[in-house]
Amino acid sequence: HSMVGDKAREEMNAFQRNESKETLFTFISAGDDPPKGDFPVQKKSPKLCGSNYPLSIAFIVVNEFCERFSYYGMRAVLTLYFINFFHWDENLSTSVYHAFSALCYFTPVIGAIMADSWLGKYKTIIYLSIVYVVGHLIKSVGAIPSLGNQAVHVVLSMVGLFLIALGTGGIKPCVSAFGGDQFEEEHTSERSKFFSVFYLSINAGSLISTFVTPVLRGDVKCFGEDCYPLAFGVPAALMVLALVVFIAGSGLYRKTPPEGNVLLEVCKCIGVSACYRSEKYNGNLEVKMVTRVLFLFIPLPMFWALFDQQGSRWTLQATKMNSLNSHCFVLQFLNPLLILVFIPIFDLGLYPLINMCKFNFTPIRKMATGMILAGMAFGLAAIVEVKINVSIVQEITQKSLAFTGRRKCITKLVFFPQNPAEYSKLILNGEQQSLHFTLQHQGLSLGFNYTVKEKSVYSLIVFEAEGSLSSRLVSVGVKCKYNLSEICFLCRFINGLSQDVNLTVDSKRFIAIQKNYSVSEYMLLERDKYDDGRCITEAGEFTLDLGLLDFGASYTVVITNISRGALQIWKSEDIKANNVHMAWQLPQYLLISAGEVMFSITGLAFSYSQSPASMKSVLQAGWLLTVAFGNAFVLIIAQAAPMAQWAEFVLFTVLLFAVCIIFSIMGYFYVSVDPEDLQEKEEKRETPSRGNMISLITRKTKL
């Protein structure tokens, strides 16, 4: 009996030694299958420069840099692509932009299911990256003007955007979680800092691409216009590079196996418990941990609703402002630049200083602070928008009328090539009135009558025709109204030649104007330099150089003569350009970037730390879904409740502050946990029951 006992104890000790390295008893439901495939969980990657950072994360970080370059580079010109290439209005362009952004953050659920339930993170990243590349290629081809008509361009672009959304969204929850998997369990500090490095790579890619792709679009011409195919093609090439780099590190990765349809089990557990209050799933610790965090995520979409408007509403706001050049992206790439600066300042300076002050700056408090900063940024955006509108109104009212109830009309007497600096204000007797004008010139007297309407702006043009003076009264086209959204800023042409002309301002604008000072309709043009227009007359074809047409201005361009084989024009600025400089946007970018560091990086690390090993991708997908719902909310506001832009900014500010209060209350009652510690306690408490069978699964754990 003693010999048998000694032998049994010896076998048990041997078993325990093996178990401490590789295995533990796990209870698996009878219907589950053990993981299949070769997943070298325990493989240790070589270290970076003798540190505790595995060499494999270098490939992951470079992959993320290239992928983010690809995504943000394409997205940087997307809104203007809709407006300028498709000729959609601002609301439709904003809606489609945020619909695409929302889709990019709904598809992480698909990637999480594929990674945790079927293929594993590594293969999921590979397969969806291929889809990503195909989407970029289709999007680039769809931007070639000579390829088909408008419908073809829209279809190709939408298909390309859908595939891009599927690719970028699908790999989002996998890449960050896959990077976290590369660290041994004892290196939690290094893993935490990895997420900051990971976020640095995101913003480095965003910074460079946000600067490069607008330059490729505007400064490089292809097919006779802005080169959108190149602006989309370069990001496509970077995505190909991202895929190649990721595959190159294959031999170094620790690849965790999928653990069944985890997301389906979570939904089943929640559904059964909610509907029947059954005890069947109440003991599932992993589901409890995930649902606690997901519940805490409910208020978070409001932050992203504000943050992602940098690429839509803030970009459109920049187009209304004055700057040193014609690009509206000068401040858009400031956000990733500030992130690169703020991350080391916060990690090495601000956070340690706060800890020295004995203040417990928990992840929940960091995220709430980030929400407050984002709300303040939108408050400043509302102030800037009001300043832009006030500048426009002042420019008009200085030349027109103050709304005092008195009926007024304004005119400007124009003698080409001279342009008076001020308008004249005329008092009318009714809604419209016939006025008699008398012009004396070189001893001659010229009289003429014109009918004018109240609250209107006119230019009186006097010119010489057939040896005598003639005149024409034309409306400036900008009516002074209380509703600022009804004010438009345009450019029109007057043909001072004795022959008809056909004008081409850009590749898509054609105007036919009859001879002898006929006036064209107004054209709405984006702020840009127009130096490559064409004018076709009976005498031949000439270059039309209009120079810079600025936002907020109303122009009258007169074709005066053809001299020495060149077209002579005279440009009058009827309403001066907006004088609010783009630098006014700087404070709002500073605030929202600081808010992003506190909110987004903290939330990314928090969602990883609070999830069990089998649900890392699922909880990362839950975090990314908050971004999707935020963009969906912007889409609803833009379409369902159109309002003045400054009022919309104020609305978002108030909503975020309200949501921040709710989140702070929820966070007060939330207790952060270590999933591994809770798992050990649960395993000590649980016993096999209800028909479960015992199986051995390869795991690294403590006895």
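Visitor: Among contacts between residues at least 6 apart in sequence, what share join residues at least 24 apart?
Guide: In this protein, 72% of those contacts join residues at least 24 apart. Keep in mind that you're looking at a predicted model.

Visitor: Is isoleucine 388 buried or exposed?
Guide: Buried means under 20% relative accessible area. Isoleucine 388 has 0% relative accessibility, so it counts as buried.

Visitor: How many helices and strands does the protein have?
Guide: You'll find 19 helices and 21 strands.

Visitor: How do I describe two helices that pack together?
Guide: For two packed helices, you give the angle between their axes and the distance between the axes. The crossing of H5 past H7 is right-handed.

Visitor: Which residues make the contact?
Guide: On the H5 side, they are Pro108, Ile110, Gly111, Ala112 and Ala115. H7 brings Leu166, Gly169, Gly170, Lys172, Pro173 and Cys174.

Visitor: Now a sheet, please. In what order do the strands of the open sheet come?
Guide: Read the four strands across as E12-E11-E16-E17, with antiparallel pairing. Strands E12 (510–513) and E17 (540–544) stand at the edges with a single partner strand each, so one side of each has no neighbour in the sheet. On average, neighbouring strands here are turned by 20° against each other, direction ignored.

Visitor: How many bridges join E11 to E12?
Guide: Four bridges join strand E11 (residues 501–504) to E12, and the two run antiparallel. To find your way along the pair, look for threonine 504, which stands opposite phenylalanine 510 in E12.

Visitor: I keep hearing about phi. What should I look for?
Guide: Most residues other than glycine have a negative phi. Histidine 87 has a phi near 60°, and tyrosine 517 has one near 65°.

Visitor: Where are histidine 87 and tyrosine 517?
Guide: Both are in loops. Histidine 87 lies between helix H3 (78–85) and helix H4 (90–106), while tyrosine 517 lies between E12 and strand E13 (518–519). Histidine 87 is partly exposed, with a relative accessible area of 42%. Tyrosine 517 has 14% relative accessibility, so it counts as buried.

Visitor: One last stop: what is histidine 98 in contact with, beyond its neighbours within four places in sequence?
Guide: Histidine 98 sits in helix H4, and at 1% relative accessibility it counts as buried. Leaving those sequence neighbours aside, histidine 98 is in contact with Asp308, Gln309, Ser312, Asn631, Val634 and Leu635.

Methods. Residues are numbered from 1 along each chain as its sequence is written. This is a predicted model: local features need pLDDT of at least 70, side-chain atom pairs count only at pLDDT 80 or more; totals for chains, interfaces and linings use all residues. Side-chain values use heavy atoms; hydrogens and water are left out. Contact means heavy atoms within 4.5 Å. Two strands pair if DSSP finds at least two bridges between them. Axes are lines fitted to C-alpha atoms, for helices over the stretch in contact, and angles run from 0 to 180 degrees between N-to-C directions. A crossing is left-handed if the near helix is turned anticlockwise from the far one by less than a right angle, and right-handed if clockwise. Buried means under 20% relative accessible area, exposed over 50%, partly exposed in between (1.4 Å probe, protein chains only).
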